[in-house]
Amino acid sequence: MTGAVLTLAAPAQAAFTTEMSGLPGRFTAGEQVRTISAVVSQTDRRARCAKVRWSMVLSVQGGLRLDQVKMDRVEETGDFPLEIRTEGDVARLTDRQLDPGTLCPGRTVTARYRVAFAEDVTQGRVTLAAEAYDANLRLLARQTATRSVVGVRGVPTATPKPTATPPEPSESPSTPTEDESTASEEPVAEYPADAAPPAANRPVSQSGAFGVVQAAFLLGGLLLFLGVGLLLRLRQLTRAAAGDADEADDPPVDRHWERPAVADPWRRAHR
């Protein structure tokens, strides 16, 4: 069998399908070997069983070279013999013998390949086309996949985000002095709203108790003032009431007392 004969094979049959699995999102050069699989199945349940011969077409682009790619065909018993033909940037890897499995309705045949890339690869793309042929070199099904290849240095790594360093404070007239900083750091104690504000140069933590005492003294003085004022008012009212009573009992000074005339019962009436 030659690569030219496979290239001129008939189009794929509609009763067969091929799928590829195990493909990563992208290949990384220098990593461990990747294993990919190609599976062919028969959709026509009335068809007969058939033997399968696999052929993998590998093409490289984007700066990647064929000598930087290594691919093997493996089975459960070990490496599977291949016939390799290259032309430019395309290589065809064809089985030298039929696959051990048999393709039947409800049964599949799987081919496994190991692929790796050299460590000196920087970037590129690789296209893999898995083709399944029957014993008469008739193409049954074909599946193609393209992946990018990056070098170890080309793998983006998480870079730490730059952190902004706050500028050092410069001395200026607005910079608080040491006394002001000390005063601003002292704990602030709560005191009643009706208390007097704390005195100057007195710690704020002690001003609350002093304000309560001062408020008590102010309240006591206010009550005393109201009591004295009430007593004075009562005394003034008492004196005014006594003066009115004296005026009612004693006649006015400028009034002359006159005894009222008493009628003489014995006086004769004038005729």
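Buried means under 20% relative accessible area, exposed means over 50%, and partly exposed lies in between (1.4 Å probe, protein chains only). The model is predicted: local features need pLDDT of at least 70, side-chain atom pairs count only at pLDDT 80 or more, and totals for chains, interfaces and linings use all residues. Residues are numbered from 1 along each chain as its sequence is written, and side-chain values use heavy atoms, with hydrogens and water left out.

Figure 1. Helices (H or I, at least four residues) and strands (E, at least two) are DSSP runs, numbered from the N terminus. Of the 271 residues in the protein chain, 26% count as buried. The accessible surface is about 20,100 Å², and carbon and sulfur atoms account for 54% of this surface. Accessible areas come from the Shrake-Rupley method with a 1.4 Å probe; for residues, only the protein chains shown count as cover. Contact means heavy atoms within 4.5 Å. Among contacts between residues at least 6 apart in sequence, 71% join residues at least 24 apart.

**Figure 2. Six strands form an open sheet.** Two strands pair if DSSP finds at least two bridges between them. The order is β2-β13-β12-β5-β9-β8, with mixed pairing. At the edges are β2 (26–28) and β8, each pairing on one side only. On average, neighbouring strands of this sheet are turned by 25° against each other, direction ignored. For such angles, axes are lines fitted to C-alpha atoms, for helices over the stretch in contact, and angles run from 0 to 180 degrees between N-to-C directions.

**Figure 3. Two antiparallel pairs are β8 with β9 and β12 with β13.** Strand β8 (residues 82–87) is joined to strand β9 (residues 90–95) by six bridges. Leu 82 has Asp 95 of β9 opposite. The hairpin of β8 and β9 has two residues between the strands, and Gly 88 there takes a positive phi near 70°. Between β12 (residues 123–133) and β13 (residues 139–150) there are 11 bridges. Here Leu 128 stands opposite Ala 145 in β13.

**Figure 4. Strand β3 runs antiparallel to β1 and to β11.** Strand β3 (residues 34–42) has six bridges to β1 (residues 16–21). Eight bridges join β3 to β11 (residues 108–117), and Val 40 stands opposite Val 109 in β11. Ser 37 lies in β3 and is the bridge partner of Ser 21. Ser 37 counts as buried because its relative accessibility is 15%. Leaving aside neighbours within four places in sequence, Ser 37 is in contact with Glu 19, Met 20, Ser 21, Thr 110, Ala 111 and Arg 112.

**Figure 5. The structure holds one aromatic pair.** Rings of Phe, Tyr and Trp (its six-membered ring) pair if their centres lie within 6.5 Å; planes under 30 degrees apart count as stacked, over 60 as edge-to-face and the rest as tilted. Phe 27 and Phe 117 form a tilted pair, with 5.1 Å centre to centre and 50° between the planes. Phe 27 is in β2 and Phe 117 in β11, 90 residues apart, and the pair thus links distant parts of the chain. Phe 27 is buried at 2% relative accessibility, and Phe 117 is buried with a relative accessible area of 9%.

**Figure 6. Arg 73 sits over the ring of Phe 80 and over the face of Tyr 113.** A charge sits over a ring if NZ of Lys or CZ of Arg is within 6 Å of the ring centre and within 35 degrees of the ring normal. The charged end of Arg 73 is 4.5 Å from the ring centre of Phe 80. For Tyr 113, Arg 73 is at 5.8 Å from the ring centre.
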